[in-house]
Amino acid sequence: MQVDVLLGLQWGDEGKGKIVDVLTPRYDVITRFQGGPNAGHTLEFNNHKHILHNIPSGIFRKDKLNIITNGVVLDPVVFMREIDSLEAMGIDLTKNLWISKKAHLILPTHRILDAASEAAKGESKIGSTLKGIGPTYMDKTGRNGLRVGDIDLDFTARYEALKSKHQQLLKLYDFEYNLEEEEKFFAGIEVIRKFNRVDTEYEVNRLLEENKSILAEGAQGTLLDIDFGSYPFVTSSNTVCAGACTGMGIAPSSVGEVYGIFKAYCTRVGGGPFPSELLDDEGERLRDIGKEFGSTTGRPRRCGWLDLVALKYSLMLNGVTQLIMTKTDVLDTFETIKVATAYSIDGELTDQLPYDLEADVKPVYTEMPGWKTDLTGIRSRDQFPSELNGYIRFLEKELHVPVKFVSIGPDREQIIEM
Ligand code: GDP
Ligand code: IMO
Ligand code: MG
């Protein structure tokens with residue numbers, strides 16, 4: 001068997017959590033392979049809404065194995081909170097959730113360093129979620145990090161050594177902090193001890209040999225990738241499909257389907273370029289109808305029209321085989337829908353993202369009639385209004401990849417398979 005990979009094609013929050021929950025019944029195993037608690041993946045079912053940060057979105061379906069693999073950075077404090085709220089719902093996790101020994105741990109001082117670094121940047125800050133992601137991946141690549149497997153070694157000594165390195169670093173900043181979270185950190189470590197901590201690369205490859213089907217759940221989105229996103233306004237991991245190989249220890253030839261998720265429009269939270277951003281009433285309308293406020297930080301998301309220049313770049317980087325369009329219902333009341341098909345930079349047309357983020361990029365739009373129909377109650381594609389079919393056909397022609405699912409509301413049931 002192969003691993004199917006599901007990932008965001010924009011700047012995150014495309015609806016990955018919902019779609020993983022919808023697809024989980026088709027798989028035996030769900031993994032999270034990169035990122036950390038900067039992710040906020042929302043699932044809605046039975047009038048219940050749940051947001052996951054570290055734990056794979058397959059956790060609500062019975063008898064599915066969920067694995068946090070080596071590419072993830074794990075915060076024991078956030079993890080403990082998530083476990084508490086899932087256990088309160090009666091979900092037994094200790095059997096169905098495994099953690100890689102090689103996943104790196106986010107320390108309280110990583111979070112403080114994140115905050116200190118952002119504060120020092122002033123106006124040019126990244127807009128980080130302040131979950132300690134950057135500093136933790138820096139320690140990983142700098143070969144200083146603490147890993148989940150270390151909790152079975154001389155953990156306290158290793159923790160103290162890294163903490164004191166961080167305290168030295170913090171002297172470079174004019175930043176006040178306290179270490180109140182330390183107690184919770186160690187309580188979180190005790191919670192992690194209750195789980196099966198394994199070399200998940202061996203387990204994942206063994207499961208593949210046993211013909212188990214695996215779905216890998218991406219976090220963030222392609223345009224936040226550390227290499228290919230709008231650097232430095234990015235996250236610190238590889239969010240592209242290749243990240244699934246290094247993030248879980250599978251060969252590229254083990255990747256099967258690549259599901260690419262995009263919103264029917266665009267959003268971005270935090271700083272950085274966003275060519276099709278709407279700073280007017282229409283942007284406000286998308287934010288209101290789409291309830292575009294961050295799942296992790298509650299910040300208002302910036303909103304704009306769908307951007308095919310950016311989307312084509314994401315398709316190229318990921319080798320997407322199936323598209324999933326979400327939040328389609330958010331456009332239900334729009335008279336006209338716009339899609340950026342090229343950029344104009346200094347009067348020159350281009351279909352490529354520019355290297356220079358300061359460039360004055362003006363999107364060139366194609367306009368289409370809106371469907372002016374409430375999609376949220378539709379349960380079959382025959383009921384799609386003709387304008388929506390036209391929108392989908394237009395996208396498929398431009399992108400050369402079929403749209404396989406259309407999401408028409410936040411609930412698990414609000415999905416049409418094409
Ligand atoms: P993720 O990070 O990619 O999992 O996405 P988030 O959960 O951060 O943000 C997506 C938001 O849109 C959540 O509040 C979802 O409940 C919601 N959502 C997902 N799909 C749809 C949809 O098709 N229509 C509407 N209206 N909301 C959706
Ligand atoms: P999900 O998985 C949207 C953004 C932050 C910031 C930048 C760097 O829910 O789609 P970081 O905390 O990683 O240092 O922040 O990346 N960002 C996200 N935006 N969805 C996410 O995750 C994000 N994770 C990080 O807003 O601009
Ligand atoms: Mg999110």
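Predicted model: local features only at pLDDT ≥ 70, side-chain atom pairs only at ≥ 80, totals over all residues.
## The site around ligand 1

Let us start with ligand 1, which has 19 residues around it; K16, T42, S295, D329 and S407 come nearest. Sorted by class, its shell holds eight charged, eight polar and three nonpolar residues.

Several polar pairs can be picked out here. The side chain of S407 places an N or O atom 2.5 Å from an oxygen atom of ligand 1. From the backbone, an N or O atom of K16 lies 2.7 Å from an oxygen atom of the ligand, and a polar backbone atom of E14 is 3.1 Å from an oxygen atom of ligand 1. On its own, ligand 1 has 580 Å² of accessible area, and the protein covers 93% of it. Two elements give two or more residues to this shell: α1 (16-23) and β3 (41-45).

## The site around ligand 2

Ligand 2 has 20 residues around it, and D13, K16, H41, T129 and T235 come nearest. The shell of ligand 2 divides into 10 polar, seven nonpolar and three charged residues.

Which side chain has an N or O atom 2.6 Å from an oxygen atom of ligand 2? That side chain belongs to T235. The backbone takes part too: an N or O atom of D13 lies 2.8 Å from an oxygen atom of ligand 2, while for a backbone N or O atom of G40 the distance to a ligand oxygen is 2.9 Å. The protein buries 97% of the 550 Å² that ligand 2 exposes when taken alone.

Helix α6 runs over residues 182-193, 12 residues in total, and reaches 17 Å from its first C-alpha to its last, close to the 16 Å expected at 1.5 Å a residue. Its buried residues are E182, F185, G188, I189, V191 and I192. Why do they fall on the same side of α6? Because they cover an arc of only 160° around the axis.

## Charged residues in helices and a loop

E203 sits in helix α7 (residues 200-209). Its relative accessibility is 19%, so E203 counts as buried, given that the cut-off is under 20%. The side chain of E203 is joined to that of R206 by a polar contact of 2.5 Å.

R287 belongs to helix α9 (residues 281-289) and is buried as well, with a relative accessible area of 16%. From R287 to I30 there are 257 residues in sequence and 31 Å in space, C-alpha to C-alpha. K101, by contrast, lies in the loop between β7 (97-100) and β8 (104-105) and is partly exposed, at 32% relative accessible area. K101 and D332 are 231 residues apart in sequence, and their C-alpha atoms are 46 Å apart.

## Backbone details in the loops

Most peptide bonds are trans, and most residues other than glycine have a negative phi.

The peptide bond from Y231 to P232 is cis, with omega near 5°. P232 lies in the loop between β10 (214-217) and α8 (242-248). L130 has a positive phi, near 60°, although it is not a glycine. L130 is found in the loop between α3 (108-121) and α4 (133-141), where it counts as partly exposed at 37% relative accessibility. K327, also not a glycine, has a positive phi of about 55°, and its place is in the loop between β15 (322-326) and β16 (336-345).

Technical notes
Residues numbered from 1 in each chain as written. Chains lettered and ligands numbered in written order. Heavy atoms only, no water. Helix = DSSP H or I, 4+ residues; strand = E, 2+ residues; numbered from the N terminus. Expected span 1.5 Å × (residues − 1). Buried < 20%, exposed > 50% of the residue type's maximum accessible area, 1.4 Å probe, protein only. Arc of directions from axis to C-beta. Near = heavy atom within 4 Å. Polar contact = N/O pair within 3.5 Å; in protein donor to acceptor, adjacent residues only side chain to side chain. Areas by Shrake-Rupley, 256 points an atom, 1.4 Å probe, with all protein chains shown as cover. Nonpolar A, V, L, I, M, F, W, Y, C, P; charged D, E, K, R; others polar.
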